[in-house]
Amino acid sequence: MVLSMTGYGRAEQERSGRDITVEIKSVNSRYFEYTSRMPRSFAFLDDKLKKLVNATISRGKTELALTVVNVGAPEASISVNLDLAKGYLDAIGEMSSALGIENDVTAGTLTRFSDIFTARKAETDEEQLWADVKAVAEAAVENFVAMRAAEGEKLRADILSRLVYLEQAVGEIEQTSAERVQKYTEKLYAKLKALLEDTNIDEARILTEAAIFADKTAVDEETVRLRSHIRQYRDILEKNEPVGRKLDFLTQELNRETNTIGSKAQELAITRMVVDMKAEIEKIREQIQNIE
């Protein structure tokens, strides 16, 4: 299964009184790069989430966003210091009597004295919280990988179609290359005949020149290696593992052998095919930059 390095996955669940949302997205990168966005109070989960994501993907610039909202449990508990509140109430009553003013104290008045109240953050069961976040994160990763797989299949199909073209072009080059020596021999014979007119032509010399020409322009080794690389390409595309780096290396080899054929080519038809092949290899190279 070929995976694209571009993908997006999201999951949202309510667990243990919390609405938990995890979003994951990634773009191309030579290595695995991880960043995250989450409330500071949940930062202790960051390393665990990174390992969870990295266990599934090996390449790509990846960003994870975690949101947790309490929906069934209070985030904090509020306690009232009744003795202190009574103290404030008595003091206000004493002040009212001493100054001869109305004592209009209400419960709302006492709320202005913040030291009467103490807010305590609700205790967090970190193990339970991690279990809940992990479950949601795993669902997000599953959706994330599914999208990368769908994109990867499109890339794989495109590359395979281009490999078919390359294989056909190699066959045409082999056929054209096989004919070129005979054409060269005939051309050389005709040229010598025109120059020497009635003088006898040294057939052995012509055959020697043709052999030298054939040796200098032979592309058999290059076409054999190209066919081998194409077979390897197809085999690698069937592997269930990250293959981007292997394909990158193999693409360089395809390009190198094609360049060598171009430098040896003495036929315009072969030169044209080499140009077309290089264009297809470049398109393949662009595609594999997206593959994990």
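The stops below cover a surface patch and then the aromatic pairs of this predicted model.

**Stop 1: the surface patch**

Select I78, V80, L82 and F117. These residues form a nonpolar patch on the surface. Together they have about 390 Å² of accessible area.

I78 sits in strand β5, which covers residues 76-80. Is I78 buried or exposed? Its relative accessibility is 58%, so I78 counts as exposed, the cut-off for that class being over 50%.

**Stop 2: F32 and Y34**

How many aromatic pairs are there? The count comes to 2 aromatic pairs. For one of them, select F32 and Y34: the ring centres are 6.4 Å apart and the planes are at 25°, so this pair is stacked. Stacked requires planes under 30 degrees apart.

Next, check how covered these residues are. F32 is buried, with a relative accessible area of 17%. Y34 is buried as well, at 16% relative accessibility. Buried means under 20%.

**Stop 3: Y88 and F113**

Select Y88 and F113, an aromatic pair that is also stacked, with 4.1 Å centre to centre and 20° between the planes. Where in the chain do Y88 and F113 lie? Y88 is in helix α2 (residues 82-99), while F113 is in the loop between α3 (107-110) and β6 (117-121). The two residues are 25 residues apart, and the pair links distant parts of the chain.

Finally, colour by accessibility. Y88 is partly exposed, with a relative accessible area of 22%. F113 is partly exposed too, at 26%.

Definitions and conventions. Residues numbered from 1 in each chain as written. Predicted model: local features only at pLDDT ≥ 70, side-chain atom pairs only at ≥ 80, totals over all residues. Heavy atoms only, no water. Patch = residues over 30% accessible without salt bridge, like charges linked within 9 Å, V, L, I, M, F, W, Y side chains within 5 Å. Areas by Shrake-Rupley, 256 points an atom, 1.4 Å probe, with all protein chains shown as cover. Salt bridge = Lys/Arg side-chain N within 4 Å of Asp/Glu carboxyl O. Helix = DSSP H or I, 4+ residues; strand = E, 2+ residues; numbered from the N terminus. Buried < 20%, exposed > 50% of the residue type's maximum accessible area, 1.4 Å probe, protein only. Phe/Tyr/Trp six-rings, centres within 6.5 Å; stacked < 30°, edge-to-face > 60°.
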